[in-house]
Amino acid sequence: LQETGWRIAKETLNVYEMCLRQATGKRPPADSPFKFSSEEDENRKASLTREAETICGLAKMFLNDPFYHTYNYDFRYRLYVMTAYLHEQSSDNAKGLLLFDQGVPFGDQGLYWFKIHMSNVWGHDKDTKEGRAQFTSDHVSEWIEYAKSPLINRGWMKADAPFSFLTCCFELKKLRDWIIAGNSIESFVSHVPCYIDGSTNGTQHLTAMSKDESIAHLVNLVPTALPGDLYMYIAGHAWASIREAYEATPQ
């Protein structure tokens, strides 16, 4: 990991900087990709604004050079980046600005996983892998338009991870131009990281150690058509208990 070089997504940073200037101006627009724009608590809003500004400043420092991180294990052997703010474990403000310094050709499976990643960062992440890939295919033309004029066509801001999504939109446009020029999809060199996360890791490990088959499908330890979601499973039972108590309570 410490030998992995990173670079800044310049096109996304240009949009980031403009949106930040708009969102912190005297007349901020109604839509914004930054969480601080909709935050009502003043202290938290100030903290989120400082984070967004710091990430922008750091990204501009490394705009033309690759950079690297050091990492640390905690007592559970989980890896953490030692760098502050601008790293792949940070918020979408940072993750959306990051590319791998060394790109890799798509090959046979690259486009498939890129489509899944793009669907995930948009927010369509509860579908099958094939369903998520198809979701991206169904919106290619619309999403390429975001890359053409992101400050005018601002629909990308509705994504769950707007800057990560916008970086994918730019990549999607580059891929289309690459294909139009007569090149193969497999030879397209991509620098976009496609994130694959665990599923409620603590419970996942406990389930694996205890071989609890009743929970395994909820933490994705066995094959299922749709991804398991332990949080929603617990939430459903919690709401059922609340509903039962509510119905039994006099006015």
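**Exercises on a predicted model**

Helix 4 (residues 110-122) has 13 residues and reaches 18 Å from its first C-alpha to its last, close to the 18 Å expected at 1.5 Å a residue. Helices (H or I, at least four residues) and strands (E, at least two) are DSSP runs numbered from the N terminus, and the expected span of a helix is 1.5 Å times one less than its number of residues. This is a predicted model, in which local features need pLDDT of at least 70 and side-chain atom pairs count only at pLDDT 80 or more, while totals for chains, interfaces and linings use all residues. Residues are numbered from 1 along each chain as its sequence is written, and side-chain values use heavy atoms, with hydrogens and water left out.

**Exercise 1.** Find the buried residues of helix 4 and the helices that they pack against.

Solution. Begin with burial, which means under 20% relative accessible area, whereas exposed means over 50% and partly exposed lies in between (1.4 Å probe, protein chains only). In helix 4 the buried residues are Gly110, Leu111, Phe114, Lys115, Ile116, His117, Met118, Ser119 and Val121. Next, look for their neighbours: these buried residues pack against helix 5 (129-138), helix 6 (140-148) and helix 7 (162-180), where contact means heavy atoms within 4.5 Å. Finally, step past the end of the helix, where Gly123 takes a positive phi of about 125°.

**Exercise 2.** Work out how the buried residues of helix 1 are arranged around its axis.

Solution. First check the length: the 14 residues of helix 1 (residues 10-23) should span 20 Å at 1.5 Å a residue, and its end C-alpha atoms are 20 Å apart, which agrees. Then list the buried residues, which are Thr12, Leu13, Val15, Tyr16, Cys19, Leu20 and Ala23. Seen down the axis, they fall within an arc of 165°, so they line one face of helix 1; the arc is that of the directions from the helix axis to the C-beta atoms. Lastly, the buried residues of helix 1 pack against strand 1 (6-8), helix 2 (42-61), helix 3 (92-95) and helix 7.

**Exercise 3.** Describe the chain as a whole through its secondary structure, its extent and its burial.

Solution. Count the elements to begin with: the chain has 10 helices and six strands. Its C-alpha trace spans about 60 × 50 × 40 Å along the principal axes. Of the 251 residues in the chain, 37% are buried.
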